[in-house]
Amino acid sequence: MTRIAAVHGVLPPNRYTQAEITDTVARVCLPAGADRRVLDRLHASARVGHRNLVLPLDQYGKLDGFGAANDIFIEAALDLGAEAVAGAIDAAGLDPADIDMIMCTSVTGIATPSLDARLVNRLGLRPDVKRVPVFGLGCVAGAAGIARLHDYLRGWPGHAAVLLSVELCSLTLQRDDSSMANLVAGALFGDGAAAVVALGDDHPGAPGAGPAVVATRSRLYPGSERVMGWDVRDTGFRVVLDPGVPGVVRAHLGGDVRDFLADHGLTGDDVTAWVCHPGGPKVLEAVAETLRLPEGALELTWRSLADIGNLSSSSVLHVLRDTLALRPPPPGTPGLLMAMGPGFCSELVLLRW
């Protein structure tokens, strides 16, 4: 089975309180003199205390269109991505030349050549490293990325693979857009990156590595294409965020998780760690309700939301890192890593600690 050898998360240096970010969103998104009570209420209820951003707050009102924001994305994503991958490889006890495949996911900017291609020489990866750039999965890509690493390593069990997630969500904030979706996104999303090193079953480092990936499952919910995503405009990525997301979670996630666990002779009571993407308060409440989770089961997810906000695909990887570092479950017990995103879809990864 695939083994997770290391997880390394990084954040940009500009850190602000939620109140400071709320003031900036009001200045950038609302008409002059507009009533900001709805905005203040949204940001206060997001249960986010701080976020790290790729730019100083006073720079967001000066971004001149999609091209300028994307140029910043490429430069900053390469810096954060290099730090995340180098940290994960070092934590796994490997050298960059030991990596056989790198998968890179982001939904907050575009680059051709892709970020992974630009990082090969910078990191000292081999010129024959296999590269898989992924765009469009959004928040679900952290979980889906681990699942696809597992698929690859089942075919190449002697290999080592890296998943890199870089999300600079703040660069997608739309100026002069007071829509509810834009204001909600401005209340929740932050910037960050994370990298995972995974080893195949026959890799010499696998026996001493971390949790095993036992199985994965993908679910796409028909007729939900407009629940979450982007509308691409001249100004960049304009968020699509339907208020019905918690309802979709309640309608589908519980049954999917119970069926998945049952296929492996398990129930929710057997799971010793729930590694969940911090989609937002209403989503997390829906997850806990539909899965009938005990009090505190999502504590690390709630803590991550409060401390750094929702980092899109990077968030669940930060929660996985925190689980390994702060709350390692008993060896041999099952855990479930899960995320949801555009499609609308879910990705489930069954782990064994």
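Me: In this predicted model, where is the place of Arg292?
Reply: Arg292 is not a glycine, although its phi is positive, at about 55 degrees. Its relative accessibility is 64%, above the 50% cut-off, so Arg292 counts as exposed. The place of Arg292 is in the loop between α8 and α9.

Me: Is Ser312, another residue with positive phi, buried or exposed?
Reply: Phi of Ser312 is near 55 degrees, and the residue is not a glycine. Ser312 lies in the loop between α9 and α10 (315-326). Its relative accessible area is 4%, under the 20% limit, so Ser312 is buried.

Me: Which loop holds Pro113?
Reply: The peptide bond that leads from Thr112 into Pro113 is cis, and its omega is near 5 degrees. Pro113 lies in the loop between β4 and α4.

Me: What is omega for the cis peptide bond between Gly343 and Phe344?
Reply: Phe344 sits in the loop between β12 and β13. The bond joining Gly343 to Phe344 is cis, with an omega of about -15 degrees.

Me: Is Cys345 buried or exposed?
Reply: Cys345 is found in strand β13, which covers residues 345-352. Leaving out residues up to four places away in sequence, Cys345 touches Val140, Arg219, Leu220, Tyr221, Ala339 and Met340. Its relative accessibility is 9%, so Cys345 counts as buried.

Me: What separation do the C-alpha atoms of Cys345 and Leu137 have?
Reply: Cys345 belongs to strand β13. Along the chain, Cys345 and Leu137 are 208 residues apart, while their C-alpha atoms are separated by 9.1 Å.

Me: Which residue of β13 is the bridge partner of Leu337?
Reply: Strand β12 (residues 334-341) and β13 run antiparallel and are joined by 8 bridges. In β13, the partner of Leu337 is Val349.

Me: Which strands stand at the edges of the open sheet?
Reply: The sheet has 9 strands with mixed pairing, in the order β5-β4-β6-β7-β1-β8-β13-β12-β11. Two of its strands have a single partner strand each, so one side of each is left without a neighbour in the sheet. These edge strands are β5 and β11 (273-276).

Me: What angle does the direction of helix α3 make with that of β6?
Reply: Helix α3 (residues 65-91) packs on the sheet and touches β1 (2-10), β6 (160-168) and β7 (191-199). Its direction and that of β6 make an angle of about 145 degrees.

Me: At what angle to β5 does helix α4 run?
Reply: Helix α4 spans residues 115-123 and lies across β4 (101-105), β5 and β6. Relative to β5, helix α4 runs at about 140 degrees.

Me: How many residues of helix α6 are buried?
Reply: The buried residues are Ala181, Asn182, Leu183, Ala185, Gly186, Ala187 and Leu188. What covers them includes α1 (18-29), α2 (37-45), β3 (50-53), β10 (236-241), α8 (281-291) and α9 (299-308). Helix α6 (residues 180-188) is largely enclosed by the rest of the structure, because the buried share of its 9 residues is 7.

Me: How many aromatic pairs does the model have, and which type is the one formed by Phe135 and Phe237?
Reply: The count comes to 4 aromatic pairs. Phe135 and Phe237 are 6.1 Å apart centre to centre, with 40 degrees between the planes. Planes under 30 degrees apart would count as stacked and over 60 as edge-to-face, so the Phe135 and Phe237 pair is tilted.

Me: Which parts of the structure does the pair of Phe135 and Phe237 tie together?
Reply: Phe135 is partly exposed at 46% relative accessibility, whereas Phe237 is buried at 6%. The two parts are 102 residues apart in sequence. They are the loop between β5 (130-134) and α5 (141-155), which holds Phe135, and strand β10, which holds Phe237.

Me: Which residues form one aromatic cluster with Phe135 and Phe237?
Reply: Phe135 and Phe237 form a tilted pair. The cluster that contains them also includes Phe66 and Trp230.

Me: What is the distance from the charged end of Arg47 to the ring centre of Trp302?
Reply: Lys130 lies over the face of Trp156, at 4.7 Å from the ring centre. The charged end of Arg47 sits over the ring of Trp302, and its distance from the centre is 3.9 Å.

Note on methods:
Residues are numbered from 1 along each chain as its sequence is written. This is a predicted model: local features need pLDDT of at least 70, side-chain atom pairs count only at pLDDT 80 or more; totals for chains, interfaces and linings use all residues. Side-chain values use heavy atoms; hydrogens and water are left out. Buried means under 20% relative accessible area, exposed over 50%, partly exposed in between (1.4 Å probe, protein chains only). Helices (H or I, at least four residues) and strands (E, at least two) are DSSP runs, numbered from the N terminus. Contact means heavy atoms within 4.5 Å. Rings of Phe, Tyr and Trp (its six-membered ring) pair if their centres lie within 6.5 Å; planes under 30 degrees apart count as stacked, over 60 as edge-to-face and the rest as tilted. A charge sits over a ring if NZ of Lys or CZ of Arg is within 6 Å of the ring centre and within 35 degrees of the ring normal. Two strands pair if DSSP finds at least two bridges between them. Axes are lines fitted to C-alpha atoms, for helices over the stretch in contact, and angles run from 0 to 180 degrees between N-to-C directions.
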